[in-house]
Amino acid sequence: MSTINVFLDDVRSAPDDYVLASDMEECIKLLRENTIQHLSLDHDLENKLRNGFMVVEYMVRHKLFAEETITVHSANAGAGKKMFHYLKDAQESLIIPQNVRIHYHPLPLNINKKKKHP
């Protein structure tokens, strides 16, 4: 398994050194097949029936996490805070390891989409 950083978003560009996952399924596949150092999550995705909160629920249920940091970057304040609190509650319940840093850091929308990394 390779170690990567993952940025889940269907609108914003991924930062340098991040693999862009533009939907829920792609993000989960990356979580299952790689070691993730930093995972940055958006809530609102193009498909309204599949969103970042569903990724968070899947992660907790299957115990798939970033090794160092999970950031919720959603500009949707209500949904972003819900994701953040769900992750923190899972950490307090000892489902997510205590050494994983969990942050809520909303990012402004940037509609310039970047190509996915190989």
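Colleague: Before we start, what should I keep in mind about the numbers?
Modeller: This is a predicted model, in which local features need pLDDT of at least 70 and side-chain atom pairs count only at pLDDT 80 or more, while totals for chains, interfaces and linings use all residues. Residues are numbered from 1 along each chain as its sequence is written, and side-chain values use heavy atoms, with hydrogens and water left out.

Colleague: OK, which strands does strand 1 pair with?
Modeller: Strand 1 (residues 3-8) pairs in the parallel sense with strand 3 (residues 35-41) over five bridges, and three bridges join strand 1, also in parallel, to strand 2 (residues 19-21). Strands here are DSSP runs of E with at least two residues, helices are runs of H or I with at least four, and both are numbered from the N terminus; two strands pair if DSSP finds at least two bridges between them.

Colleague: And is strand 1 mostly covered or open?
Modeller: Five of the six residues in strand 1 are buried, where buried means under 20% relative accessible area, exposed over 50% and partly exposed in between, with a 1.4 Å probe and protein chains only.

Colleague: What about Ala21, buried or exposed?
Modeller: Ala21, in strand 2, counts as buried because its relative accessibility is 0%. Its contacts, meaning heavy atoms within 4.5 Å, include Phe7, Cys27 and Leu30.

Colleague: Switching to the core, which residues have the most contacts inside it?
Modeller: In the largest nonpolar core, which has 32 residues, they are Cys27, Leu39, Leu41 and Met59. Such a core is a set of buried Ala, Val, Leu, Ile, Met, Phe, Trp, Tyr and Cys residues joined through side-chain atoms within 4.5 Å. Helix 2 (52-62) gives the most to this core, with six residues.

Colleague: How many aromatic pairs are there?
Modeller: The count comes to two, taking rings of Phe, Tyr and Trp (its six-membered ring) as paired if their centres lie within 6.5 Å, with planes under 30 degrees apart called stacked, over 60 edge-to-face and the rest tilted. The rings of Phe53 and Tyr86 have centres 5.1 Å apart and planes at 75°, so that pair is edge-to-face.

Colleague: And the other one, Phe84 with Tyr104?
Modeller: That pair is tilted, at 6.3 Å centre to centre and 45° between the planes, and it links Phe84 in helix 3 to Tyr104 in strand 5 (residues 101-104), 20 residues apart.

Technical notes. Lists of a residue's contacts leave out its neighbours within four places in sequence.
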